[in-house]
Amino acid sequence: MRANTMDEVKSFTAAYTKAIGFEHHGYATKLREPLSGGADFLFFEDFDSDWSKTYPRLFTPQAEQTDPRIVMSREGFPAAAWNSRGRTNYEPPGASLAQRTRKTLIQAGEFGLHGGITVPSWSPSTHWAFTTFTHKAVLDPRELIPLIGESVYFVSCMHAAIDRLLRRPRSAPRLSERECEVLRWSAVGKTSWEISMILRISERTVNFHLQQVSRKLGVKGRRAACARAVALGLILL
C-alpha cells in the first residue's frame, strides 16, 4: 500500500510470491478507462517459459468470453487452488466453465506450471482482474487452501495500490518514504515533537520534511499538505 510506482508494486508482488513458497506470478486486468497511451489493459508476470506469451492474448474479445480466469473474475467467483491435472478445491458451476477450467490448467502444466492459486479481483476502475501464483510441483489443491486467505488479502492490497496509481494525476509529485511517514503522522494529528519521538529524528528535521512536502504540493501549511496528499492518493489514512 506504500508503493509509489508500478515498479514498486511489481517488486513487492515478486517478493510476496517467493515468501509464500511459490515460484512465479502473473497479474492481468481490463480497465474501464484507457491509460494515457490509449491501452485499456495492464499485465505483468515473471514466468520463465512461453506461458508469458499467453498474457497479451487475454485482451482479445474471444479470451474475454472464454478464458475461465476472466469469467470467474467478472462473475465474482472466489479464489481457487488448482493443479495441472485439472483439479481445483471447488468445482466451478456449469459444465462448460468446468471443462474450460480443466483445459486451461492442463495447458498450464505443459508450460511447467503444475500447481497454484488464482485470485480474481475487481474494482470500480476495472472490468476484471486476476492474479495467479504458481509452483512447478504437482500439488494437491487441498494443500494450498491454508494460503488462500493470505493471498486474497495481499491481492486486494495490491489491486488497490494499482488502482490508486492509475487514478493519480500525471502531475502528482513524488514524495520520499520519509516525507510520507511524516505526513501520515501529521495527518492523524501528531505534533512535530510527537512525530520526532515516533520516528526518532529531530523536531527540526520533521519541520523540514513538512516544508518540503508543502513546496512539492504547492500549498501552505501542514493541514493543506495533508489534505492535498490524501486527495492525490500519495498517502492513505
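Arg178 and Glu181 sit three residues apart in helix 6, so about one helical turn separates them. Helices here are DSSP runs of H or I with at least four residues, strands are runs of E with at least two, and both are numbered from the N terminus. The two side chains form a salt bridge, with the closest N and O atoms 3.0 Å apart. By salt bridge I mean a side-chain nitrogen of Lys or Arg within 4 Å of a carboxyl oxygen of Asp or Glu. Arg178 is partly exposed at 29% relative accessibility, and Glu181 is partly exposed at 24%. The classes are buried for under 20% relative accessible area, exposed for over 50%, and partly exposed in between, with a 1.4 Å probe and protein chains only.

Before going on, the source. This is a predicted model, in which local features need pLDDT of at least 70 and side-chain atom pairs count only at pLDDT 80 or more, while totals for chains, interfaces and linings use all residues. Residues are numbered from 1 along each chain as its sequence is written, and side-chain values use heavy atoms, leaving out hydrogens and water.

Salt bridges with shared partners join Lys30, Asp40 and Glu64 into one network. The whole structure has 11 salt bridges. One of them pairs Asp140 with Arg87, at 4.0 Å between the closest N and O atoms. That pair links distant parts of the chain, 53 residues apart: Asp140 is in the loop between strand 5 and helix 5, and Arg87 is in the loop between strand 3 (80-83) and helix 4. Asp140 is buried, at 17% relative accessible area, whereas Arg87 is partly exposed at 41%.

Another bridge joins Glu91 and Arg102, with the closest N and O atoms 3.2 Å apart. Glu91 belongs to the loop between strand 3 and helix 4 and Arg102 to helix 4, so this bridge ties together parts 11 residues apart in sequence. Glu91 counts as exposed at 52%, and Arg102 as partly exposed at 35%.

Also in helix 4 (residues 95-110) is Thr101, which is buried at 8% relative accessible area. What does Thr101 touch, leaving aside neighbours within four places in sequence? Its contacts are Pro68, Thr88 and Pro92, where contact means heavy atoms within 4.5 Å.

Now the nonpolar side. A nonpolar core is a set of buried Ala, Val, Leu, Ile, Met, Phe, Trp, Tyr and Cys residues joined through side-chain atoms within 4.5 Å. The largest one has 24 residues, and those with the most contacts inside it are Val9, Tyr27, Phe44, Ile117, Met158 and Ile162. Which elements supply at least two residues each? They are helix 1 (6-19), strand 2 (41-45), strand 4 (115-121), strand 5 (126-135) and helix 5. Helix 5 gives the largest share, eight residues. A second, separate core has 17 residues, among them Cys180, Ala229, Leu232 and Leu234.

Within four places in sequence aside, Val9 is in contact with Ala3, Phe44, Met158, Ala161, Ile162 and Leu165. Helix 5 spans residues 141-167 and also holds Ala160, which is partly exposed at 33% relative accessible area.

Last, Thr54. This residue lies in the loop between strand 2 and helix 2 (61-66). Thr54 is buried, at 14% relative accessible area, and its side chain reaches the backbone oxygen of Trp51 at 2.6 Å.

Definitions and conventions
A polar contact is a pair of N or O atoms within 3.5 Å; within protein, one must be able to donate a hydrogen and the other to accept it, and residues adjacent in sequence count only if both atoms are side-chain atoms.
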